[in-house]
Amino acid sequence: MEQSATLDIETLKITQEQFMLASQSVHLQRPGCDAVYPVGLYGWRKRCLYFFLLLLLVTMIVNLALTVWIIKVMHFSVDGMGNLQLKQDGIRLEGISEFLLPLYVNEIQSRRDSLLVLGSKTNVTLNARNNQGQLTGQLTLGPDAVEAQCQRLEVRSKDGGRLLFTANEEEVIMTTEKFTVTGSEGAVFGHSVETPLIQARASEDLKLESPTRTLTMEAPRGVEVNAPKGPLKVSGRKDLQLESTEGEILLDANTIQLGSLPLGIYTVSPSQASKEQAVYEVCVCPSGKIYLSPAETSSTCQAMSNICLWS
């Protein structure tokens with residue numbers, strides 16, 4: 001009994017010593033303060049985190065809904081947007097399109113079964129520029145006029161091969177077979193006109209007139225005035241002059257009438273004049289003036305030559 005008690009006391013001592021040694025070793029490994037700090041979010045920080053996460057989720061849902069709404073309203077698809085379709089050769093627009101700023105294109109073409117309409121409240125202007133950006137041609141469709149500004153204006157046939165009308169700063173050329181003027185006042189030309197033929201319509205009169213100046217017709221090989229089915233009238237307020245510098249003037253007709261010719265006066269005695277004269281002879285003065293003289297058995301031009309003194 002005494003031995004067992006002694007063993008228990010020694011065992012207890014050994015255990016106490018081991019505990020003390022273990023306690024000392026623990027204190028050596030954990031120097032410093034023994035305070036404990038909690039890890040994690042607690043309180044108002046946790047509530048703010050959850051609030052921001054919820055707000056971010058709501059924003060994502062709203063953005064997704066707006067994106068779907070825009071796609072539905074604008075009719076987005078793999079081919080384009082609504083009436084705007086993207087093709088390999090360009091852009092195709094269906095319906096009416098409005099452009100608020102200038103449009104730069106190489107070609108504008110309508111569908112085969114519809115018209116191409118360009119409209120504007122003020123005017124429609126088409127510009128053409130070179131590589132340097134300089135304006136080389138302009139077509140303006142305004143409310144009062146249609147203006148074209150270019151170096152040369154050409155109008156061609158429907159197949160594009162034949163030139164019908166061309167104009168530049170120096171001249172205007174029309175290559176059509178016929179140029180028709182249907183105005184009641186005709187056509188007014190401020191300067192000369194060069195044409196191979198001037199012809200009126202069937203059953204209509206042709207009138208060439210210069211109200212305040214002279215009317216001149218010139219041709220290197222001759223000028224022909226012909227009225228095959230009607231009279232030809234040439235009138236003037238003052239003198240009418242027919243002149244041929246190298247040739248002759250030929251009057252060829254069944255009847256030639258020279259009206260309102262002056263009547264010569266006797267130089268010998270007035271009593272020699274016939275009171276009832278029906279036939280006259282035509283006399284010519286040295287100046288070329290023509291007058292009438294009563295016809296008798298012999299020429300009376302010498303006796304009636306007093307009228308040549310007035311010319």
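Buried means under 20% relative accessible area, exposed means over 50%, and partly exposed lies in between (1.4 Å probe, protein chains only). Keep that scale in mind as you look at the close-ups below.

This is a predicted model, where local features need pLDDT of at least 70 and side-chain atom pairs count only at pLDDT 80 or more, while totals for chains, interfaces and linings use all residues. Residues are numbered from 1 along each chain as its sequence is written, and side-chain values use heavy atoms, with hydrogens and water left out.

**View 1. Cys 285 and Cys 308 form a disulfide.**
A disulfide is a pair of cysteine sulfur atoms within 2.5 Å, and here the two sulfur atoms lie 2.0 Å apart. Look for Cys 285 in the loop between β10 and β11 and for Cys 308 in the segment after β11; the pair links distant parts of the chain, 23 residues apart. Strands (E, at least two residues) and helices (H or I, at least four) are DSSP runs, numbered from the N terminus. The torsion about the S-S bond is -85°, and this link is left-handed. Cys 308 has 17% relative accessibility and counts as buried.

**View 2. A disulfide joins Cys 283 to Cys 301.**
The S to S distance is 1.8 Å. Cys 283 sits in strand β10 (residues 280–284), whereas Cys 301 belongs to the segment after β11 (290–294), and 18 residues separate these distant parts of the chain. Why is the disulfide of Cys 283 and Cys 301 left-handed? The torsion about its S-S bond is about -75°, so the disulfide has that hand. Cys 283 is buried at 2% relative accessible area, and Cys 301 is buried at 17%.

**View 3. How do the bonded cysteines pair up in sequence order?**
The structure holds 2 disulfides. Number the bonded cysteines of the protein in sequence order and the pairing reads 1-3, 2-4.

**View 4. Cys 48 and Cys 150 are partly exposed.**
For Cys 48, the relative accessible area is 33%. For Cys 150, the value is 40%.

**View 5. Thr 140 lies in strand β5.**
This strand covers residues 135–141. Is Thr 140 buried or exposed? Thr 140 is buried, because its relative accessible area is 15%. Leaving aside residues up to four places away in sequence, Thr 140 touches Asn 123, Val 124, Thr 125, Ala 145, Val 146 and Glu 147. Contact here means heavy atoms within 4.5 Å.
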